[in-house]
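Hello,

Here is the structure for you to look over. My notes follow below.

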Amino acid sequence: MCIGKQFIMAGKHTGKYKVLKWVGAVLGVIVLLAVGAALYLSAKWKPLVSDKIKEAVYNGSDKLYRLDFKDIHLNLITGSATFDSVSLMPDTAVFRQLKLTRQAPTHLFQVKLAKLRLRHIGIMTAYFQKRIDMTDIILDKPSINMIYNKVPKRPDTVKDERTLYEQISKTLKSIHIKGIKIVDADFDYINGADWQVLNRVKHLNVVVKDILIDSLSGSDTSRLYYTKDIGFSLIGYKSVTKDKMYTLKADTLSGSASDKTITIRGLKMIPMYPDLTFSRKYKTQKDRYDLSFNTIKLRGVDFVRLNQEGSIHAGSATLGPAKVGIFMNRELPPPSFNKGRNYPHIALRRLSLPLLIDTLKISNIDVAYTEYNPITKKRGTVYLDNLKGQVLNVTNDSAGLAKKNHAKAQLSTRIMKAVNLSVNIDFNLTAANGAFSYNGTVGPMDMRDLNPLSEALGLVKIESGKVQKADFNINADLNGSRGKMHFYYTDLKVAMLKEGEAGGKPKKQGLLSFLANNVLIKDANPTKDQPVRVADINFQRTPAASFFNLLWKGVFIGIRETVGIGIVPVKSPEEAHDKIVDKKVEKTSEQKAQERKEKRQERKEKREKRKAEKENN
């Protein structure tokens, strides 16, 4: 019985194993057939799929772009495809024809990459139903050229009524891609007129979400170019300016088409050399900038206009917190060009990129403007702390200027860490003479707080003085400024200084100080039983005077007129430099005189020595 039972059990196990073997064999055959069929269909469909894809790109771009690749690897089991040595290139002949009909796009693209990956494609659906449905497209480390072309705008009467769906409908019924990823791209922004690289970035990432092209998506207002969003990010941007004098850095640069935002964090422009070394690299005076912006953010960006017209239109831009350092070395001669070209509203006109920002918001920016005086061998710095406010209608766009040609700034700051200043500036954006006007108020202060600046740059020490308030209203342009100022103060006394020898500490000039305080300077405004004195401002600008120089010189002249030293002429940058040159010549003459004196003494000693030798003999 035991032997029988064992035999029966062994038979059962043997039967089970046979069934398993048969099942395994059948599954193996099925897998082999599936793999074989996949390989066969893959080989058979490869040319068909290649042709369909190239045809779809060609027709979908209105014959402007051609897609090419060396080989395609299809996997019907996983529904994936990999393309080798891919290139997307515009047809220049077609582009020229589109320009003639005013239908050419502002930007052209050239794309090259080693591999392009398409994942989870419904290949059967694509072939039999003419519908493309896939998870994502991945472009790994591509090289992308974005070429800007100034093209004539299409007249309103000339419109292509066909939607993108209608352009591809003969080949495909729909295209749905959940995402496109561009990973670690090298990106060049190029001027198509002369093929100069306007900007070059590396390690760019782009994510396009939910692309849908069908009969209804063209009218879906929640989509931009048939997508739910186009986002980009750039981490660790770094470059050197063409003149090799600055390094540009940015921690991150990101943007989103759905949010209509562009954000830059940690933007810095770092000079390559210390201030005096930097300035002496040039033959003439040159401002040296040291910039650090924590955040720059644009909101309400019109990405469609940016792509179609190459212009930046934004509802607002926010700058700050930030630190701005500017240095000027006065030992060098002024530049040969007119620095009026760098007035903000004149420089805005020179931008090649059309720009319109409804509101520019400035928040918590610290500005330090420093000048080096080679006579005193000292630096004087004007500090503007916590500069904040807004500028309305920042634009060089011709259409925008036709509607509104003034930009208006409302700003406030703290000067020299001691006094509050509020100023309004009205820029005429189209005036040929760079016209603008500004008015403002100054709060109470102790005038001695200005000594770090007045001693270093003006050789004047303020011994006492209290400002109650001041207000000014000035019109200015490329030729100078004109206006009026009220300056209320008490108990003003100054000491006139002269530069110390060999860069030593300046010394007080007693007689000049006495004359200044007792003859020229009025120690208060208003004086006892007298009305408030109103200063008339009339400043003639020279080509070397900057915008900042023009602003503060207008206020400075108003103060001088009020305190009673308006008869003392104000030196222009050119005259200030001439004085420096004269001083150098003067010092050279003193040195020569000393050398002649030393030589005479040397000759005298030799004669006395010879005379003594003769007497000894």
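Is leucine 512 buried, partly exposed or exposed? Leucine 512 is partly exposed, because its relative accessible area is 44% (buried is under 20%, exposed over 50%, partly exposed in between; 1.4 Å probe, protein chains only).

First, the ground rules. This is a predicted model: local features need pLDDT of at least 70 and side-chain atom pairs pLDDT 80 or more, while totals for chains, interfaces and linings use all residues. Residues are numbered from 1 along each chain as its sequence is written, and side-chain values use heavy atoms, without hydrogens and water.

Leucine 512 sits in helix 10, residues 510-520 (helices are DSSP runs of H or I, at least four residues; strands are runs of E, at least two; both are numbered from the N terminus). Overall, the protein chain has 12 helices and 24 strands.

Now asparagine 329. This residue belongs to strand 14, residues 322-329. Asparagine 329 counts as buried because its relative accessibility is 1%. Its side chain makes polar contacts with the side chains of serine 279 at 3.0 Å and glutamate 331 at 2.9 Å (N or O atoms within 3.5 Å, one able to donate a hydrogen and the other to accept it; residues adjacent in sequence count only if both atoms are side-chain atoms). Beyond neighbours within four places in sequence, asparagine 329 is in contact with Leu276, Ser279, Arg280, Gln285 and Tyr372 (heavy atoms within 4.5 Å).

On the chain as a whole: 39% of the 617 residues count as buried. Among contacts between residues at least 6 apart in sequence, 63% join residues at least 24 apart.

Best wishes
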